Amino acid sequence: MSERKTHVFHRNARVVPPIAVKGDGPYIIDADGKRYLDGSGGAAVSCLGHSHPRVIEAIKRQLDAIPYGHTGFFTNEPMEKLAAYLAENAPGDLDMVYFVSGGSEAVETAMKMARQYYLEIGQPARHKIIARRQSYHGNTLGALAVGGNEWRREQFRPMLIDAEHVAPCYSYRDKRDDESLEEYGRRVADELEAAIETAGPETVAAFICEPVVGATAGAVPAVPGYLKRVREICDRHGVLLIFDEVMCGMGRTGHLFACAEDGVAPDLLTIAKGLGAGYQPIGATLVHKKIFEAIRDGSGFFQHGHTYMGHPAACAAGLAVQETIRDDNLLANVKTQGAALRQALEARFGNNANVGDIRGRGLFIGIELVADRSTKEPFDPAKRLNAVIKKEAMARGLMCYPMGGTIDGRRGDHVLIAPPFIIDQSHITELVEKLGDAVDAALAA
Ligand SMILES: Cc1ncc(COP(=O)(O)O)c(C=O)c1O
């Protein structure tokens, strides 16, 4: 524990973290001059590292022109351009973009928009949201209510709106030996149909899920066919499908939108993190044109809004980030370096008796740790293995994103790896070496 005096209410009330003073590509440098390789993009945010001149210049230019104009009075150029870019590249008919300042706000927007859509089209009974266990959709009360992580929800339970939770698509733990990946995917998707029928289809507004589950499960992709089946079930019952791509979207999996790999388009899609790459706080909800048209031709007004939505400096940052990803062909680098990183992790951890699973897509990789590889028995949560790994990694100058509660919100440990898209082989070597040492030290502790 640091003795440094602070008036900041930090995330951990007992720990004052090091002071970040400078960025250098994929490194953060602290006030003592120590360098940290950003192996997790913070929490899968910093996809362009920490000193990208094009993004910094775009923000400065926007501040010189006009720093802020409330969206109740004005639109602005970077917001219009970024919306056009996203709509042009989005799957399906996600033609309209509602800007906010982060992931939780994007999820709240999607939930409220789903509800208002059904009011506009004359189905006022539809209000329920179904989600999945072991998901994370944000910490505001609405997003927390649909999130499926027990540890995060528990103490706020009396304040949360009702939400149904169905099984995640978590093949490492839940697929039976006698079923194929596809059969497993169908079985868990069919839980959604049962939940809709139990709730009463005429009362269900939306199903929300992360195409690749991030923070709470450690980069768990859907199995082949699962999301297609989910789409069919939603269509059959007139339920809107919301994909939460706050963490897995914006190129992290090697596709600008993670769901492209599954060939499925939702009705609402949330993004944040990699949208502005941490250079500015920004999130967005992409909206199917039928939802926009229902509101435009109905009441004409979406009953929502935030003070900083469509902030010009944030949109200028988002636009510069997305144009950099396009112009520098970084999605190709995500695929190439993602495969190289995966290979290096498998070489380092493949024979480790405490590494149960290495999974993910692109530069979004999860390593699940187990006490026993054959039974998949997790470590005793009291060991706080994930916290010890984080501490050991930071001591070695590596940021990674370990988390506990992988299995059910209480048991299980994983490490999430999500480095910037600009990394090369030398960064991969450093990342894997430092992570290997940190995991060894934590297991030995
Ligand atoms: C999938 C997902 N949704 C929503 C959020 C919430 O985003 P924010 O922390 O920007 O509010 C997160 C954050 O980790 C996330 O991973």
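Contact here means heavy atoms within 4.5 Å. Keep that in mind for what follows, and also that this is a predicted model.

Let's start with Gln-134, which sits in the loop between β5 (128–132) and α5 (141–146). Not counting residues up to four places away in sequence, Gln-134 touches Gly-148, Asn-149, Pro-168, Val-213, Thr-216, Ala-217, Gly-405, Thr-406, Ile-407, Asp-408 and Gly-409. Is Gln-134 buried or exposed? Its relative accessible area is 4%, so Gln-134 counts as buried.

Next up is Asn-386, found in helix α13 (residues 385–395). This residue has a relative accessible area of 16%, and because the cut-off for buried is under 20%, Asn-386 is buried as well. Leaving out residues up to four places away in sequence, Asn-386 touches Pro-402, Met-403, Gly-404, Asp-413 and His-414. With one of these, Asp-413, there is a side-chain to side-chain polar contact at 2.8 Å. Val-16 is 370 residues away from Asn-386 along the chain, and the C-alpha atoms of the two are separated by 19 Å.

Now for the ligand. Around it you'll find Gly-102, Gly-103, Ser-104, Tyr-136, His-137, Gly-138, Glu-210, Asp-244, Val-246, Met-247 and Lys-273. By type, that shell splits into three nonpolar, five polar and three charged residues. Here are some distances from ligand oxygen atoms to protein atoms:

| Residue | Protein atom | Distance to a ligand oxygen |
|---|---|---|
| Gly-103 | polar backbone atom | 2.8 Å |
| Ser-104 | side-chain N or O atom | 2.6 Å |
| Lys-273 | side-chain N or O atom | 3.0 Å |

On its own, the ligand has 390 Å² of accessible area, and the protein covers 82% of that.

Finally, the nonpolar packing. The largest nonpolar core has 54 residues, and the members touching the most other members are Phe-99, Phe-207, Tyr-226, Phe-257, Ile-271 and Leu-286. Which helix gives the most to this core? That's helix α8 (residues 181–199), with seven residues. Zooming in on Ile-271, its contacts beyond four places in sequence are Leu-86, Ala-106, Glu-245, Val-246, Met-250, Phe-257, Gly-283, Ala-284 and Leu-286. One of those, Val-246, also belongs to the residues surrounding the ligand.

Definitions and conventions. Residues are numbered from 1 along each chain as its sequence is written. This is a predicted model: local features need pLDDT of at least 70, side-chain atom pairs count only at pLDDT 80 or more; totals for chains, interfaces and linings use all residues. Side-chain values use heavy atoms; hydrogens and water are left out. A residue is near a molecule or strand if one of its heavy atoms lies within 4 Å of it. A polar contact is a pair of N or O atoms within 3.5 Å; within protein, one must be able to donate a hydrogen and the other to accept it, and residues adjacent in sequence count only if both atoms are side-chain atoms. Accessible areas come from the Shrake-Rupley method with a 1.4 Å probe; for residues, only the protein chains shown count as cover. Ala, Val, Leu, Ile, Met, Phe, Trp, Tyr, Cys and Pro count as nonpolar, Asp, Glu, Lys and Arg as charged, and the others, Gly among them, as polar. A nonpolar core is a set of buried Ala, Val, Leu, Ile, Met, Phe, Trp, Tyr and Cys residues joined through side-chain atoms within 4.5 Å. Buried means under 20% relative accessible area, exposed over 50%, partly exposed in between (1.4 Å probe, protein chains only). Helices (H or I, at least four residues) and strands (E, at least two) are DSSP runs, numbered from the N terminus.
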